[in-house]
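The sequence and structure are shown below.

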Amino acid sequence: MSDLRDLYQEVIFDHNRHPRNFGKLEEANRFAAGHNPLCGDRLNLYLKVEDGVIVDARFEGVGCAISTASASLMTERLKGMRVDEAEVLYGRFHELLTGSAAADDTASLGKLNVLLGVKEYPARVKCATLAWHTLHAALGDQEKTVTTE
């Protein structure tokens, strides 16, 4: 179990040090901003959606390692996904992380599983879910700042 935890931590550190899909997406047609007032994380999420498919996803902002890694992993996963599938993924991820769902089927999360360990640290759950709340707002075409509070 320790080896698996070490691997998960290394993936989080790697995505924090070298975030994927970082930067503004000029041709975005969906946008939302997110803020976690508890620790000061701020995130802008840009999506390019065509015919119901997320063809590109990028983010920019400042945040802790977990917040940045979560946004990086999320944007990797979203590319090529249908909007309705992304909404289902958002719900599933949020339920697993907040404890309102049994962790019986985590295989569908793929690399996102590395973030589930955050559940053991309730103060950090908001860091991991900030990008996801921002995604939910962007998919709903709500150009407003969402908050984890």
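Phe22 is partly exposed, as its relative accessible area is 38%; the term covers values between buried (under 20%) and exposed (over 50%), computed with a 1.4 Å probe on protein chains only. The model is predicted, so local features need pLDDT of at least 70 and side-chain atom pairs count only at pLDDT 80 or more, while totals for chains, interfaces and linings use all residues. Residues are numbered from 1 along each chain as its sequence is written, and side-chain values use heavy atoms, leaving out hydrogens and water.

Phe59 counts as buried, at 3% relative accessibility. The whole structure contains three aromatic pairs, a pair being rings of Phe, Tyr or Trp (its six-membered ring) with centres within 6.5 Å; planes under 30 degrees apart are stacked, over 60 edge-to-face and the rest tilted. Two of them are tabulated here.

| Pair | Centre distance | Plane angle | Class |
|---|---|---|---|
| Phe22 and Phe59 | 5.2 Å | 85° | edge-to-face |
| Phe93 and Trp132 | 4.4 Å | 20° | stacked |

Phe93 lies in helix H3 (residues 83-98) and Trp132 in helix H4 (residues 122-139), so this pair ties together parts 39 residues apart in sequence. Helices are DSSP runs (H or I, at least four residues), numbered from the N terminus. Phe93 is buried at 0% relative accessible area, and Trp132 is buried at 0%.

Helix H2 (residues 65-78) has 14 residues. Of these 14 residues, 11 are buried, so H2 is largely enclosed by the rest of the structure. The buried residues include Ile66, Leu73 and Leu78. H2 is followed by Gly80, whose phi is positive, near 90°.

Conventions: Helices (H or I, at least four residues) and strands (E, at least two) are DSSP runs, numbered from the N terminus. The expected span of a helix is 1.5 Å times one less than its number of residues.
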